[in-house]
Amino acid sequence: MPNIKSAKKRVLVTIKKNEENRALRSRMNTAIKKFNAAIETNRIEDAEKLLPETMSIIDKTVSKGVIHKNNAANKKSALAKKLSDVKSGKIEIKIKKDNKTIAAEKARAAQAAREAIREENAKKAAERKAAKLEAEKAKLEAEGKSKKTAKKDADKKSEKKPVKKAAAKKEEEATEKKPAAKKKAAKTEEAAAEEKKD
């Protein structure tokens, strides 16, 4: 740190001037970046509007002594040439994408992929449901046929059952007759025994 008063003041003034110069240089670089961004994104009308503003900012930077006048002339001529080449078609612009645009495109692509997967899943679910319904229909038809065959079988059995019932009735009648016959036989025996007594 300097001891002399004027040297101390010189340090402070230099710090202040450095900050001012840095601000002017930053302003100039920002203007040039805006102009280049307009050209890279193929916004030629915006670039035409920005060119005079950018050149005036470069001139102000020269007048403050931040950059040399030849450096400023090189920058201005480069900007003007770039614009004229783009207009004439000497330079074809490949639009550069910034990180935000790339991220947005990725997000859209991911969303589209998710929707496609959802649609596929919905189609598969619908197919499974249709197959399940068809299987149930087939099962019901099979059950219906089996019921019909069961009815036919039952009808056939019922036709045979009356024969069985008739045979069963005859047997019942025969069993019923047997006790009646036994009673008759018993009565006849009693009658015969009474006749002998008489």
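User: Hi! At what angle do the axes of helix 2 and helix 3 cross?
Analyst: They cross at roughly 175 degrees, and the two axes come within 10 Å. That makes helix 2 roughly antiparallel to helix 3. Here, angles under 35 degrees count as roughly parallel, over 145 as roughly antiparallel, 65 to 115 as roughly perpendicular and the rest as oblique. The axes are lines fitted to C-alpha atoms, for helices over the stretch in contact, with angles from 0 to 180 degrees between N-to-C directions.

User: Which residues of helix 2 and helix 3 make the contact?
Analyst: From helix 2, they are Ile44, Ala47, Glu48, Leu51, Thr54, Met55, Ile58, Asp59 and Val62. Helix 3 brings Lys69, Ala72, Lys75, Lys76, Leu79, Ala80, Leu83, Val86 and Lys87. Contact means heavy atoms within 4.5 Å. By class, that contact has eleven nonpolar, one polar and six charged residues. (Ala, Val, Leu, Ile, Met, Phe, Trp, Tyr, Cys and Pro count as nonpolar, Asp, Glu, Lys and Arg as charged, and the others, Gly among them, as polar.)

User: Before we go on, what sort of model is this?
Analyst: It is a predicted model, where local features need pLDDT of at least 70 and side-chain atom pairs count only at pLDDT 80 or more, while totals for chains, interfaces and linings use all residues. Side-chain values use heavy atoms, with hydrogens and water left out, and residues are numbered from 1 along each chain as its sequence is written.

User: Good to know. How many helices and strands does the chain have?
Analyst: Four helices and zero strands. Along the sequence, the pattern reads α-α-α-α. Helices (H or I, at least four residues) and strands (E, at least two) are DSSP runs, numbered from the N terminus.

User: And what about helix 1 and helix 2, at what angle do they pack?
Analyst: Helix 1 (residues 5-40) and helix 2 (residues 44-63) pack at about 160 degrees, and their axes are 9 Å apart. Helix 1 is therefore roughly antiparallel to helix 2. Their crossing is left-handed, which means the near helix is turned anticlockwise from the far one by less than a right angle (clockwise would be right-handed).

User: Which residues meet in helix 1 and helix 2?
Analyst: Among those in helix 1 are Leu24, Met28, Phe35 and Ile39, and among those in helix 2 are Ala47, Leu51, Thr54 and Thr61. The residues of this contact of helix 1 with helix 2 divide into twelve nonpolar, two polar and four charged.

User: You mentioned Thr61. Is that one buried or exposed?
Analyst: Thr61 is buried, with a relative accessible area of 1%. Buried means under 20% relative accessible area, exposed over 50%, partly exposed in between (1.4 Å probe, protein chains only). Not counting residues up to four places away in sequence, Thr61 touches Leu24, Met28, Val66 and Ile67.

User: Now helix 1 and helix 3. At what angle do their axes cross?
Analyst: Roughly 10 degrees, with the axes coming within 11 Å. So helix 1 is roughly parallel to helix 3. Met28, Ile32, Phe35, Asn36 and Ile39 of helix 1 meet Lys75, Leu79, Lys82, Leu83 and Val86 of helix 3. That contact has seven nonpolar, one polar and two charged residues.

User: Which residues is Leu83 in contact with?
Analyst: Leaving aside neighbours within four places in sequence, Leu83 contacts Phe35, Ile39, Ile44, Ala47, Glu48 and Leu51. Leu83 counts as buried because its relative accessibility is 6%.

User: And Lys82, what does it count as at 28% relative accessibility?
Analyst: Lys82 counts as partly exposed. Beyond neighbours within four places in sequence, Lys82 is in contact with Asn36 and Ile39. Lys82 and Asn36 are 46 residues apart in sequence, but 8.9 Å apart in space, C-alpha to C-alpha.

User: New topic! Where is Asn42 found?
Analyst: In the loop between helix 1 and helix 2. Most residues other than glycine have a negative phi. Asn42 counts as partly exposed, at 44% relative accessibility.

User: Last one: what share of the chain's residues is buried?
Analyst: Buried residues make up 11% of the 198 residues. The chain exposes about 16,900 Å², and carbon and sulfur atoms supply 55% of that. Those areas come from the Shrake-Rupley method with a 1.4 Å probe; for residues, only the protein chains shown count as cover.
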